[in-house]
Amino acid sequence: MDKNTQSGNFKVLNLREMAFIHLDIRCLYTLLICTAFGSTLSSNAEIKVNPPQDFEIVDPGYLGYLYLQWQPPVSLDNFNKCTVEYELKYRNVDSESWRTIITKNLLYKDGFDLNKGVEAKIHTLLPRQCTNGSEVQSSWSEATYWISSQGNLDTKIQDMDCVYYNWKYLLCSWKPGMGAHLDSNYSLYYWYEGLDHALECTDYIQAKGKNIGCRFPYLESSDYKDFYICVNGSSESQLIRPSYFIFQLQNIVKPLPPDYLSLTMKNSKEVNLKWSIPRGPIPAKCLIYEIEFTEDDTAWVTTTIENEIYVTRTSNESLQLCFLVRSKMNIYCADDGIWSEWSDEQCWKGDIWKEILLFLLVPLVLVSLFVLVVTCLLLYKQRNLLKMIRIMLQNMKHYL
C-alpha cells in the first residue's frame, strides 16, 4: 500500500472518530437534561396538596354583601413551615370576567348583584420555597349561591331612580311592576357598612295608598361605600319578585345650580363670566361646571372646574350676550354624577356705556325736577308772603 493510500485511510478514520466524539457529547448533554427534567418531574409528582375544605358562600342578610369562607386543606403536616395561600375567583353568573384574589385568610367579603346567581372557586397554593422551586396548586373547590326566584319577573318594580340631592338628602322612587296585582305593595330595605343590620324605609312616598318611593334619613358615614337596596313586595294573590341594587352615594349626587351670576365687559372683545359656588356641603374642588354662552343667535357650550371664565366676543356689534351655568360632581370626587338644574340666565344687552349713561341720567333728571319744583314752591310762597305784607302795610296807613 502506498503512502497516499495510507494517508487517505487515516483521514477517514479521523473523521469517523470525530463524528463519534461529537455524537457522544450530544448524547451526554441529552442524558443530563433528561435526568434533570426527570428529577424535577419526579420531585413535583411527589409534592401534592389538597383543596380547601368546606368552601361556601354565606349570606349574612346584608342585601348582596356576601361572605366567601373555607377551611384549610387536610394533610398539611408536611408544610408546617410553609405559608399556605389561596387563589379565589368569583363573579356573578353570566359575567364575562372573574375577579381574582390571592389571600392567606380563610374569609373574604364582597358585594354581589343578587338579581343574578353567584359562583366562586378556590384552590390551595404552595410557595416555591416549599416545593423545590416550583409552585404547586391543588384542584379547585367550587360553590354557588342563588336567591330564591319567587314571583314572576314582571312583578318586580320598574324604573328605580335614586338621587342624592346636594350630598345631603337621598330619595329613591319606582313604579309598580307591570304584572303586579292591584293589592300589591312594596317595601324598601337598605344597608351599608357601618350598620348592624338592614333597615327598612321609615318615610315612604305614596300614591293612592301605595309605596312608590322612599325619603331616607340622614345617612351617617355612608359616602364612598357600597350602598345596598332591596325592594320586595307583598300581595295576597301572588308572589312578588324582589329587586336588588348596589351603588355609591357620591356617584348619584345632584348639586344645587350656581347662583349670583355676573357678566362683565372687560373691554371691546373680552367678557368675564362669574358665578358663586353652589350652596351646600359639596367642596368647591369636587365640582365641574357647564356653561352655555349665547351671543346674539349663536350659542356654544364649554366646561370648567373654576367658577369663572373669560370669553372672547366674535363681534363688536353684538347686541345681546347671555349665559347660564349648571354643576356636577367631577372625576376627582366621584366616578359619575348628575347635572344640577340650569341657573337663571344672566344677560347684557346693547352698548354698556349707554346703559351706564342711562343709569346715571335717570336719577339726575329726577333730582333736578325735584329741586326745581321745590324752588318754585318756595318762590311762590315767598311772593305770596310779600304780597300779604304789602297789604298789611297799606291797611295800617289807612287806619292812621
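**Figure 1. The disulfide between Cys162 and Cys172 in this predicted model****.** The two sulfur atoms sit 2.0 Å apart, where a disulfide is a pair of cysteine sulfur atoms within 2.5 Å. The link ties together distant parts of the chain, with Cys162 in strand β9 (residues 158–165) and Cys172 in strand β10 (residues 169–175), 10 residues apart. Strands here (E, at least two residues) are DSSP runs numbered from the N terminus. The torsion about the S-S bond is about 115°, so this disulfide is right-handed. Cys162 has 10% relative accessibility and counts as buried, and Cys172 is buried at 0%; buried means under 20% relative accessible area, exposed over 50%, and partly exposed in between (1.4 Å probe, protein chains only). Residues are numbered from 1 along each chain as its sequence is written, and side-chain values use heavy atoms, with hydrogens and water left out. As the model is predicted, local features need pLDDT of at least 70 and side-chain atom pairs count only at pLDDT 80 or more, while totals for chains, interfaces and linings use all residues.

**Figure 2. The disulfide between Cys286 and Cys333****.** Here, too, we look at a cysteine pair, with sulfur atoms 2.0 Å apart. Cys286 lies in the loop between β19 (270–274) and β20 (287–295), and Cys333 in the loop between β23 (320–329) and β24 (346–349), 47 residues apart. A torsion of about -70° about the S-S bond makes this disulfide left-handed. Both Cys286 and Cys333 are buried.

**Figure 3. The disulfide between Cys322 and Cys347****.** Their sulfur atoms are 1.9 Å apart. Cys322 belongs to strand β23 and Cys347 to strand β24, 25 residues apart. With 115° about the S-S bond, the link is right-handed. Cys322 is buried at 2% relative accessibility, whereas Cys347, at 30%, is partly exposed.

**Figure 4. Strand β6 (residues 118–126) and its partners****.** Of the 9 residues in β6, 8 are buried. Strand β3 (residues 85–92) pairs with β6 in the antiparallel sense over 8 bridges, and two strands pair if DSSP finds at least two bridges between them. Look for Arg91, whose bridge partner in β6 is Glu119. Strand β8 (residues 141–145) runs antiparallel to β6, joined by 5 bridges, with Ala120 opposite Ala143.

**Figure 5. Phe227 in the largest nonpolar core****.** This core has 75 residues, and Phe227 is among those with the most contacts inside it, as are Leu170 and Phe216. A nonpolar core is a set of buried Ala, Val, Leu, Ile, Met, Phe, Trp, Tyr and Cys residues joined through side-chain atoms within 4.5 Å. Leaving aside neighbours within four places in sequence, Phe227 is in contact (heavy atoms within 4.5 Å) with residues including Tyr190, Trp191 and Phe245.

Definitions and conventions: Helix = DSSP H or I, 4+ residues; strand = E, 2+ residues; numbered from the N terminus.
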